[in-house]
Amino acid sequence: MENSVHSTAPSPEGSDLQPDPFREARQKDGVLACEFQGSVIPMILRHADVRQAAKDWKTYSSDAPFRIPIPSEEDVRTMRQIPVETDPPDHTEYREIVEPFFRRPKEAAMIAQVEQLIDEAISDAVARDSIEIVRSFALPLQSRALALLLNVPMSEAETWIGWGIHVFRDGGDGQKKGAALERYLHAQLDRAEASPGEDFFSALTQARFRGRALTREEMMGYANLTFAGGRDTIIHSISTVIAYLGRHPEALEYFRGDANRAVHASEEFFRVLTPLTHIARKCPVDSTVHGVPVPAGERVSLCWASANRDETVFDAPDEIRLDRKPNPHLAFGAGTHLCLGAPHARLITRTLIQKCAERLGGIAILEEQVRFENEARYRRAVGWDALSVRMVQRGA
């Protein structure tokens, strides 16, 4: 069945986590056969099994254009996403081309710029009687931080903000879904080819892959993934932090005690949120996954969300423990496909926590609509459709 997401009432007051929809199947069988778009795909659920499969690219291949996301994305884009839909050795060489940009969040200059962005966002929020976090706080913050990451003018972020939350699913112009994004990316690459600079698009036009220039389709594959992969995940991570601090005002004092506490807390938020429920891999030959047959060319699912609440790995997995150590979560994947954007997500999340602790005396949740992913055999909370709060300046 088609992926369907809708809102409902928030969880009971004081509850931070919705029920784990995979617990029973994970404990009993380790796999859940679920129907997506008319095909039955076995979801691998246990932490050890998911981690092993993520590292075994020969058995579980990523060389499946449009079919690595679940549901598959033939109707939202026209190119293979690079490097995520490739296997080694191609993947390794493709990844090396863009890694310098995705290491930038570790540099002092970008750290300072993200701190300034978040300071400005909080200043704007406290000046209002209330603010809707998803569209008026998280979306602008994510868009502006992405402009810093890609080293493009901040004015570009205003265009991305104007697309709203669901531009990749709703083109809004009667054309193929995602058409607005593709037109934008082509225009940026045209500009970069004509007058290259120091930005991400220019780097793609100047890059070499095995001694040749990238094709336009390859450039589009990189660019499409950069926008699609780092949008909802960052927005929901920001919203998760704000919602938690709203429910737990004592946490602000906890974070004020030691700025480094935000580092461990960020990892815990990634574990419990896991914005991307799962990802697919293709089996090149006939396989069996925990007793479920998978014909050659068909897919399995690596369920990050289930792995991250595996009770054999995480003590009290249904609790948010801000000081959880160790925390071997798989929110960013594992193996060769470990998420390129992880340093960026970590920088934004920990800085947001630190700045909220510095600047805010409290966050009052006024209204919320939890976002659910509904599939044939599970229903999972994946963030918020709306989250309205009042932010109170510290000392006010």
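In which hand does helix H5 pass helix H10? In this predicted model, H5 passes H10 in a right-handed crossing.

The chain contains 14 helices and 12 strands. Its radius of gyration is 21 Å, close to the 21 Å that the globule rule gives for 396 residues, so the chain is as compact as a globular protein of that length. Taken along the principal axes, the box filled by the C-alpha atoms is roughly 65 × 60 × 40 Å.

Helix H5 comprises residues 133–150, and helix H10 comprises residues 232–247. Their axes lie 9 Å apart, and the two helices pack at an angle of about 125 degrees. H5 is therefore oblique to H10, since angles from 65 to 115 degrees count as roughly perpendicular and only those over 145 as roughly antiparallel. On the H5 side, the residues that meet H10 are Ile 133, Val 134, Phe 137, Ala 138, Leu 139, Leu 141 and Gln 142. Their counterparts in H10 are Ile 234, Ile 235, Ile 238, Ser 239 and Ile 242. By residue class, this contact of H5 with H10 consists of 10 nonpolar and 2 polar residues, with no charged ones.

H10 also packs against helix H14, which spans residues 342–359. The axes of H10 and H14 come within 10 Å and cross at roughly 25 degrees. Because angles under 35 degrees count as roughly parallel, H10 is roughly parallel to H14. The crossing in which H10 passes H14 is right-handed. H10 contributes Ile 234, Ser 237, Ile 238, Val 241, Ile 242 and Leu 245 to the contact, while H14 contributes His 344, Ala 345, Ile 348, Thr 349, Leu 352, Ile 353 and Cys 356. The residues of this contact of H10 with H14 divide into 10 nonpolar and 3 polar, and no charged residue is included. Within H10, Ile 234, Ile 238 and Ile 242 meet H5, and Ile 234, Ile 238 and Ile 242 also take part in the contact with H14.

How do H5 and H14 stand relative to each other? Their axes come within 11 Å and cross at roughly 130 degrees. H5 and H14 are therefore oblique to each other. Their crossing is right-handed. In this contact, Phe 137, Ala 145, Leu 146 and Leu 149 of H5 meet His 344, Ile 348 and Leu 352 of H14. The contact of H5 with H14 has 6 nonpolar residues, 1 polar residue and no charged residue.

The next element is a sheet. An open sheet of 4 strands has the order S2-S3-S10-S7, and its pairing is mixed. At its edges are strand S2 (31–36) and strand S7 (279–282), each of which pairs on one side only. Neighbouring strands of this sheet are turned by 35 degrees against each other on average, with direction ignored.

Both senses of pairing can be followed from strand S3. S2 and S3 pair in the antiparallel sense over 6 bridges, and Ala 33 stands opposite Pro 42 in S3. These two strands form a hairpin with 2 residues between them, and Gln 37 in the turn has a positive phi of about 50 degrees. By contrast, S3 (residues 39–44) pairs with strand S10 (residues 299–302) in the parallel sense, over 2 bridges. Met 43 has Ser 301 in S10 as its bridge partner.

The peptide bond from Ile 82 to Pro 83 is cis, with omega near 5 degrees. Pro 83 is found in the loop between helix H2 (47–55) and helix H3 (90–102). A cis peptide bond also joins Pro 88 and Pro 89, with omega about 0 degrees, and Pro 89 lies in the loop between H2 and H3. Elsewhere, His 290 is placed in the loop between strand S8 (287–289) and strand S9 (292–294). The phi of His 290 is near 50 degrees, a positive value in a residue other than glycine.

Conventions. Residues are numbered from 1 along each chain as its sequence is written. This is a predicted model: local features need pLDDT of at least 70, side-chain atom pairs count only at pLDDT 80 or more; totals for chains, interfaces and linings use all residues. Side-chain values use heavy atoms; hydrogens and water are left out. Two strands pair if DSSP finds at least two bridges between them. Axes are lines fitted to C-alpha atoms, for helices over the stretch in contact, and angles run from 0 to 180 degrees between N-to-C directions. A crossing is left-handed if the near helix is turned anticlockwise from the far one by less than a right angle, and right-handed if clockwise. Contact means heavy atoms within 4.5 Å. Ala, Val, Leu, Ile, Met, Phe, Trp, Tyr, Cys and Pro count as nonpolar, Asp, Glu, Lys and Arg as charged, and the others, Gly among them, as polar. The radius of gyration is taken over C-alpha atoms; the globule rule is 2.2 Å times the number of residues to the power 0.38.
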